[in-house]
Amino acid sequence: LYVYDYFGKGRYYDIVAAPWISGNTLDTEIKRAVQDNDPDRISALSAAFEAMAYELLDRKWAHGDIKPENIIVGKDNRMTLADYDAMYIPCITGDYAVEIGTPAYQHPSRDCNFFCKSIDDYSIAIIAVSLRVLSLDPSLYNLFNQSDNILLYPHEILSGTSEAYEEILRLLAVSGEHAAYNLALKLQSPSPSIPRIK
């Protein structure tokens, strides 16, 4: 995009253009499903999120601020990302991040110097685990949601002070959700990058 300044001089700026997507944000859909005590709906949201995440992990770029408010859920449950301010694109981004995402969905050690294809790993893991657990027990939302998270806070997980995390591990273990349990264990990663997240 070529942008002119007040004096008639201008320069080119790299942009990302995307089509308009209709739907509700994922946080709105989660709240509705919990209010309706609808674990099947939450399970469908969980599966749709995992499908979107799987596609994203195959891409060469990364979003940088994955959170429920930045995910639009279409009528067919297809999820689409919005708000690309923190995006990593190898061919047009610099060496550091201008924005590091929302703390409730980011590893505590993520800073502007951690700017690579792996910036979405931790966000994907924490949302995927939270949705899977809510599909097993929607009542956990009312116990552990504090409006800026779903169930968990990364800094509490890593400091060993998260009651929600302990309950999630217990519930996943007894329910036989081995893949989700293993992903939940990876939330203790010392790095924002989660090896073999796919």
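A cavity is a set of points, on a 1 Å grid over the protein atoms alone, where a 1.4 Å probe fits but cannot get out. A volume is the space filled by probe spheres set on the points, which are joined across faces, edges and corners.

This is a predicted model, in which local features need pLDDT of at least 70 and side-chain atom pairs count only at pLDDT 80 or more, while totals for chains, interfaces and linings use all residues. Residues are numbered from 1 along each chain as its sequence is written, and side-chain values use heavy atoms, with hydrogens and water left out.

**Exercise 1. Find which helix gives the most to the lining of the largest cavity.**

Solution.
Step 1: The structure has one cavity of 30 Å³ or more, and the space in the largest cavity comes to about 70 Å³.
Step 2: List the lining residues (those with an atom within 4 Å of a point). They are Asp-27, Ile-30, Lys-31, Pro-68, Glu-69, Tyr-105, Tyr-141, Asn-145, Ser-147, Asn-149 and Ile-150.
Step 3: Helix H1 (residues 26-35) gives the most, with three residues. Helices here are DSSP runs of H or I with at least four residues, strands are E runs of at least two, and both are numbered from the N terminus.
Step 4: Sort the lining by class: five residues are nonpolar, three polar and three charged. Nonpolar covers Ala, Val, Leu, Ile, Met, Phe, Trp, Tyr, Cys and Pro; charged covers Asp, Glu, Lys and Arg; the others, Gly among them, are polar.

**Exercise 2. Describe the largest pocket and its lining.**

Solution.
Step 1: A pocket is an open set of points with protein on both sides within 12 Å along at least five of seven lines. The largest pocket has a volume of about 480 Å³.
Step 2: It is lined by 19 residues, and those closest to its centre are Ile-21, Met-79, Thr-80, Leu-81 and Tyr-84.
Step 3: Helix H2 (39-57) and strand E5 (79-81) each supply at least two lining residues. H2 gives the most, with five.
Step 4: The lining divides into 14 nonpolar, two polar and three charged residues.

**Exercise 3. Work out how H2 and H3 are arranged.**

Solution.
Step 1: Two packed helices are described by the angle between their axes and the distance between the axes.
Step 2: H2 packs against helix H3 (residues 121-136) at about 160 degrees, with the axes 8 Å apart. Axes are lines fitted to C-alpha atoms, for helices over the stretch in contact, and angles run from 0 to 180 degrees between N-to-C directions.
Step 3: Angles under 35 degrees count as roughly parallel, over 145 as roughly antiparallel, 65 to 115 as roughly perpendicular and the rest as oblique. H2 and H3 are therefore roughly antiparallel.
Step 4: Their contact (heavy atoms within 4.5 Å) includes Phe-49 and Leu-56 in H2, and Ile-124 and Leu-131 in H3. By class, the contact residues are twelve nonpolar, three polar and three charged.

**Exercise 4. Now do likewise for H3 and H7.**

Solution.
Step 1: H3 and helix H7 (residues 178-185) pack at about 140 degrees, their axes 9 Å apart.
Step 2: H3 and H7 are therefore oblique to each other.
Step 3: Ala-125, Ala-128, Val-129 and Arg-132 in H3 meet Ala-180, Leu-183 and Ala-184 in H7. These residues split into six nonpolar, no polar and one charged.
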